[in-house]
Amino acid sequence: QVQLVESGGGSVQAGGSLRLSCAASGIIFSVNTMAWYRQAPGKQRELVARMYSGGITNYAVSVRGRFTISRDNAKNTVVLQMNSLKPEDTAVYYCNLEQTRLETRNYWGQGTQVTVSS
């Protein structure tokens, strides 16, 4: 099994910055994807940023140029640096790890609240 523990988050004014961290432990394969998703009240969970173990990244259009995802494969950690935050970034942010051996499995962190006030 895999456990994901998130840290960071909190409240900030618009234009500010926050940093989210996630540490994965357990049986983790060398090839995997780590990502951040978010879910705002009344909305579906959406992908914010994804980074493959090989280094390729994907970002939601709404966060491009403001958020940066990075990871340390040796430590199985992923970080989301969020700059120029907007009120619409307010949501619960979830760390995700996806890996495949005989089947694809997704693992989730407990979620951390990010609140951006105008």
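Leu20 is buried, with a relative accessible area of 0%. The model in which this residue is found is a predicted one. Leu20 belongs to strand β3. Setting aside residues up to four places away in sequence, Leu20 touches Ser7, Gly8, Gly9, Trp36, Val78, Val79, Leu80, Met82, Tyr93, Thr112 and Val114. Leu80, one of these contacts, is 60 residues from Leu20 in sequence, yet the C-alpha atoms of Leu20 and Leu80 are 5.0 Å apart in space.

The largest nonpolar core has 29 residues, and the members that touch the most other members are Leu4, Trp36, Val48, Phe67, Leu80, Met82 and Tyr93. Which strands each supply at least two residues of this core? They are β1 (2-8), β3 (18-26), β4 (32-39), β5 (46-52), β7 (67-72), β8 (77-82), β9 (91-100) and β11 (112-117). Met82, one of the core members with the most contacts to others, touches Gly16, Ser17, Leu18, Leu20, Arg66, Phe67, Tyr93 and Val114, again without residues up to four places away in sequence. Tyr93 and Val114 are among the residues that Met82 touches, and both are also in the list for Leu20.

How many disulfides does a search of the whole structure find? The search finds one. The disulfide joins Cys22 to Cys95, with 2.1 Å from S to S. Cys22 lies in strand β3 and Cys95 in strand β9, 73 residues apart, so that the pair links distant parts of the chain. The angle about the S-S bond is -85°, and the link of Cys22 and Cys95 is left-handed. Are the two cysteines buried or exposed? Cys22 counts as buried because its relative accessibility is 2%, under the 20% limit. Cys95 also counts as buried, at 0% relative accessibility.

Across the whole structure, a search finds four salt bridges. One of them joins Arg38 to Glu46, whose closest N and O atoms are 2.7 Å apart. Arg38 is buried, with a relative accessible area of 6%. Glu46 has 35% relative accessibility and therefore counts as partly exposed, since that class runs between 20% and 50%.

Another salt bridge is made by the side chains of Arg66 and Asp89, at 2.7 Å from N to O. This pair links distant parts of the chain: Arg66 is in the loop between β6 (57-59) and β7, Asp89 is in the loop between β8 and β9, and 23 residues separate them. Arg66 counts as buried at 10% relative accessibility, and Asp89 is buried with a relative accessible area of 0%. Arg66 is also one of the residues touched by Met82, a member of the largest nonpolar core.

Arg105 and Glu103 meet in a salt bridge as well, with 2.8 Å from N to O between their side chains. Arg105 is partly exposed, with a relative accessible area of 40%, and Glu103 counts as partly exposed at 45% relative accessibility. Which residues do salt bridges with shared partners join into one network? The network is made of Arg38, Glu46, Arg66 and Asp89.

Methods:
Residues numbered from 1 in each chain as written. Predicted model: local features only at pLDDT ≥ 70, side-chain atom pairs only at ≥ 80, totals over all residues. Heavy atoms only, no water. Core = buried A, V, L, I, M, F, W, Y, C linked by side-chain atoms within 4.5 Å. Buried < 20%, exposed > 50% of the residue type's maximum accessible area, 1.4 Å probe, protein only. Helix = DSSP H or I, 4+ residues; strand = E, 2+ residues; numbered from the N terminus. Contact = heavy atoms within 4.5 Å. Disulfide = S-S within 2.5 Å.
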